[in-house]
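Hi,

Here is the structure you will be working with. Please open it next to this email and follow along.

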Amino acid sequence: MHRIAIVGAGTGGTVLANRLAEELQTEIEAGDVEVRLITADPEHVYKPMFLYVPFGKKTVEDAKRPVEELIDRRVTLSIGRVIDVDTDRKKLSFADSSVLAYDQLVLATGATLEPEAVPGLAEGGHHFYGPDGAERLRDELAEFTEGHLVLSVVGVPHMCPAAPVEFVLMVDDWLRERGLREDVDLTYTYPINRAHGLESIADWATDLFERRDIALETFFNVEEIDPDDEVIGTVEGNELEYDLLVAIPPHAGSDLVTDAGLGEDGWVDVDRNTLEATNAEDVYAVGDVADVPTSKAGSVAHYEAGVVADRLASRVRGQTPTATYDGKTVCFLEAGMSEATFIEFTYGEEPFVREPSKPLHWAKLGYNESYWLTARGLL
């Protein structure tokens, strides 16, 4: 039997498993192929939904579904924590001491948050990149009526690259709707010399910030947070006082990756077009853990999963894989509480930012609701 193991049941892993179940239906039902999805968490989480939790528009539970409800019946689901990847022997070791052999391995382990990497950040900052953080920020924001709110992008790269821009534009609108904006100063900070890594988004955001009286601080690299005095200290030697700090924490890949020699800092070194690991045979990576020159976004994981599914199906059938990933990324960006824009780009392209509109806002909300069909491989 040909064994395909997928570690991680986020967007990339789940979409991939379902696509393989469809493409290799005949081989699976004949008992010639096994597609196994492995996850330590029995719940699938759609993280972009957390952006709406601080504003009371969504709950943490809205972002979750049991993995078993999302996968094709032909996929074998294993709930367990992988603690070691042996790419020479093609074996996975689990926390319960069991071992699983594979023929092809796909790592889809995502990214993890590391606020502890910056002194004082865990104690002095809030974020919306996880369930607990989003709920705490919701409670804090509900009581915030005056003072200085700072959105600081501390960690780069990070998941959902547009989300920090979205949040500050949404909170501006949210405060205006409540008649509180005049009593709140807003500041957005970014580590490089513009408001976003993509120049066109940076230009678009900078223009909106100016029009909405949102201060912009660039070349702002956070070194430490003083939670008692509520002061941010930077590598550049500057300080910024705050009353409410919303910080995008540093992100890390997986220790599995580093320990297996598949890449530094927990990101898998891959060929950016084939998504095959450069340091091991028969290993692929999709989603945030794959070190490719584009955004760590859900749409990237989705499109990468389709490419890897095609390549694996070709290998199972003894054919030469031809499918490649061109860096395609699609993203809606909220421009406030009732308007959004939309971008699409590939490797080396600069996206065009459309004029924000209410229909695009509703399109984003509609996609959030239909995402579960995407995870099932139906969209």
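Some ground rules come with the file. This is a predicted model, so local features need pLDDT of at least 70 and side-chain atom pairs count only at pLDDT 80 or more, while totals for chains, interfaces and linings use all residues. Residues are numbered from 1 along each chain as its sequence is written, and side-chain values use heavy atoms, with hydrogens and water left out.

Salt bridges

The term means a side-chain nitrogen of Lys or Arg within 4 Å of a carboxyl oxygen of Asp or Glu.

Take K58 and E369. Their closest N and O atoms are 2.4 Å apart. Helices (H or I, at least four residues) and strands (E, at least two) are DSSP runs, numbered from the N terminus. E369 is partly exposed, at 46% relative accessible area. On that scale, buried means under 20%, exposed over 50%, and partly exposed in between (1.4 Å probe, protein chains only).

E34 and R36 form another salt bridge, with the closest N and O atoms 2.9 Å apart. E34 is buried at 18% relative accessible area. R36 is buried at 17%.

D172 pairs with R176 at 3.0 Å, N to O. Both lie in helix α6 (residues 163-177), four residues apart, which means about one helical turn separates them. D172 is buried, with 1% relative accessibility. R176 is partly exposed, with 41%. There is also a network: E29, D72, R73 and R74 are joined by salt bridges that share partners.

The loop aspartate

Where is D271 found? It is in the loop between β19 (268-269) and β20 (283-285). D271 is partly exposed, with a relative accessible area of 34%. Leaving out residues up to four places away in sequence, D271 touches E276 and T278. Contact here means heavy atoms within 4.5 Å. The D271 side chain also reaches the backbone nitrogen of N273, at 2.8 Å. Y284 is 13 residues from D271 along the chain, and their C-alpha atoms are separated by 9.2 Å.

Best wishes

Notes: Polar contact = N/O pair within 3.5 Å; in protein donor to acceptor, adjacent residues only side chain to side chain.
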